[in-house]
Amino acid sequence: MENLILCHPRASSGKDPNQAIIIKCEVPQSIPNHHVLLKVDRFGFSTNNLTYQALGEASHFRYFEFHQTPEAQGVSSKTHGVTPVWGFGTIIKSTHPKVHPGERVYGYFAPARYLLLQVSPDVNKYSFFVHRPHLPLDRRPYNQITRCAEDPLYDPSPTAEDLTMLYRPLFWTSFWCEDWLNSSNYKGGSTQILISSASSKTAFCLAYLIRRRNALQGSSTRRVIGVTSTKNLAFTKRLDLYNDAFDYESFDTSLVGNLARGHWIYVDLTGNDALNARVRNHFRVCRDSELAACIALGLTNVSASTIKPSSASWGSGSEAPEGDDPKLEHFFMPEWFSIRKRELSVSAITLMQKEAWTRLMSDCGTWGVSLRRVCGPDQVKGAYEDIVRRGLAPEDAFVWSLWGEEYGSRAKL
């Protein structure tokens, strides 16, 4: 059997990281003990994956170390990387006694037709884990392969699977960040949350969860303000998830007076030091306002050609705030999740997530996001190149497959 894998040049190789290539290689006829061979049916692609690619070689993230780069002419693990994707697949071979062919699974896959994975000893009825001893223990959520038959969140319909690939990895980052802000009463709590890159799915899911908690508690004391680019401002306002939304050019002249009063936490998803400095400067001169914390939640402002994005040096303090201004702190979901697993029972976490996910699936259909399905290796490569040329509009969502055309091209979510 022939395998196809989407790869990108490493930025350190000196080649253009935006020049995606499809590598052809053979699928092994026999597989080692305690391995599974998956057929990867399809996978989601979003700004999140562009971030994985941009940080593929960053020492804290190491996204290129999750999947092995195939060896081919002009391609090796030194020159190219495989950007991880969230997708669905079916096990077609297994040499592990507790994992069986025919199982439907969801996980952190390679953008490929087939994927060979080594299974760790800790297999349960809900999931199994990929053996990656070279990565830190807090990467365990990325190593989890969910067994759909026992997944309480799984819906086998094609649309539900598509929504899962697009929202599930992003939504849980937002979910656990909101949980962290709320349960820890971080920095004494806050009456105001300012979120940058407000049109991104991670950002507006965070806004959605904050507003949702307000509604459940019968309180409107915590306001959520979004800032985004001018071109994405109309979409951000149409979401109706923020109390107010402004563009980057005018937020510091719009967020004044009564709008600026209160105890603020700033959640940054751009990784843009210049913007972060403007935010600090703005609150320093505003009367009756306090910027208590600056939290880095993502890096939507990096590109595939970025070798060292400004905030990629996790916690190194690349920016130097003035005086008593808060430094940028990083929220990394697996680290907080490991803490919550010690504080809460598995059943409590499962119930929290099921309730939140069920509500999301009911509510997200009103957000105006369109789904574009792309099938076939040439078509996927072309879709990636189009994103590089044009950028990724916030109302567009992609599901890709390296297999042939098997289902429709566009749907409204």
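**Entry 1: the second largest cavity**

I looked up the second largest cavity and found about 60 Å³ of space in it. For my own record, a cavity is a set of points, on a 1 Å grid over the protein atoms alone, where a 1.4 Å probe fits but cannot get out. Grid points are joined across faces, edges and corners, and a volume is the space filled by probe spheres set on the points. The model is predicted, so I note that local features need pLDDT of at least 70 and side-chain atom pairs count only at pLDDT 80 or more, while totals for chains, interfaces and linings use all residues. I number residues from 1 along each chain as its sequence is written, and side-chain values use heavy atoms, with hydrogens and water left out.

Searching the whole structure, I found two cavities of 30 Å³ or more. Lining residues have an atom within 4 Å of a point. For the second largest cavity I listed Gly44, Phe45, Ser46, Asn48, Asn49, Trp86, Met165, Leu166, Pro169 and Leu170. Strand 3 (35-45), helix 1 (47-54) and helix 3 (158-183) each supply at least two residues of this lining. Helix 3 gives the largest share, four residues. I take helices (H or I, at least four residues) and strands (E, at least two) as DSSP runs, numbered from the N terminus.

I turned to the second largest pocket, which holds about 650 Å³ of space. A pocket is an open set of points with protein on both sides within 12 Å along at least five of seven lines. The lining has 29 residues, and His67, Gln68, Thr69, Leu115 and Leu116 lie nearest the centre of the pocket. Strand 1 (2-9), strand 2 (21-26), strand 3 and strand 7 (114-118) each contribute at least two residues. Strand 7 gives the most, with five residues. I recorded 15 nonpolar, nine polar and five charged residues in this lining.

I traced an open sheet of six strands in the order 12-11-10-13-14-15, with parallel pairing. Strand 12 (244-247) and strand 15 (328-330) stand at the edges with a single partner strand each, so one side of each has no neighbour in the sheet. Neighbouring strands are turned by 25° against each other on average, direction ignored. The axes are lines fitted to C-alpha atoms, for helices over the stretch in contact, and angles run from 0 to 180 degrees between N-to-C directions.

Two strands pair if DSSP finds at least two bridges between them. I found strand 11 (residues 223-228) and strand 12 paired in the parallel sense over four bridges, with isoleucine 225 bridged to aspartate 244 in strand 12. Strand 10 and strand 13 also pair in the parallel sense over four bridges; there, glutamine 192 has tryptophan 264 of strand 13 as bridge partner. Seven bridges join strand 13 to strand 14 (residues 289-296), running parallel, and isoleucine 265 stands opposite alanine 293 in strand 14.

Six of the seven residues of strand 13 (residues 262-268) are buried, so strand 13 is largely enclosed by the rest of the structure. Buried means under 20% relative accessible area, exposed over 50%, and partly exposed in between (1.4 Å probe, protein chains only).

**Entry 2: cysteines**

I searched the whole structure for disulfides and found zero. A disulfide is a pair of cysteine sulfur atoms within 2.5 Å. The sulfur of cysteine 148 is 18 Å from the closest cysteine sulfur, in cysteine 364, which is too far for a bond. Cysteine 294 is in no disulfide either, and the nearest cysteine sulfur, that of cysteine 177, is 13 Å away. Cysteine 148 is buried at 3% relative accessible area, and cysteine 294 is buried at 0%.

**Entry 3: single residues**

I checked backbone angles next. Most residues other than glycine have a negative phi. Asparagine 185 has a positive phi, near 50°; asparagine 185 lies in the loop between helix 3 and strand 10 (192-195) and is partly exposed at 45%. Serine 197 likewise has a positive phi near 50°. Serine 197 sits in the loop between strand 10 and helix 4 (201-217) and is buried at 10%.

Finally, I located arginine 280 in helix 7 (residues 273-285), where arginine 280 is buried at 4% relative accessibility. Arginine 280 and aspartate 325 are 45 residues apart in sequence and 6.7 Å apart in space, C-alpha to C-alpha.

Technical notes: Nonpolar A, V, L, I, M, F, W, Y, C, P; charged D, E, K, R; others polar.
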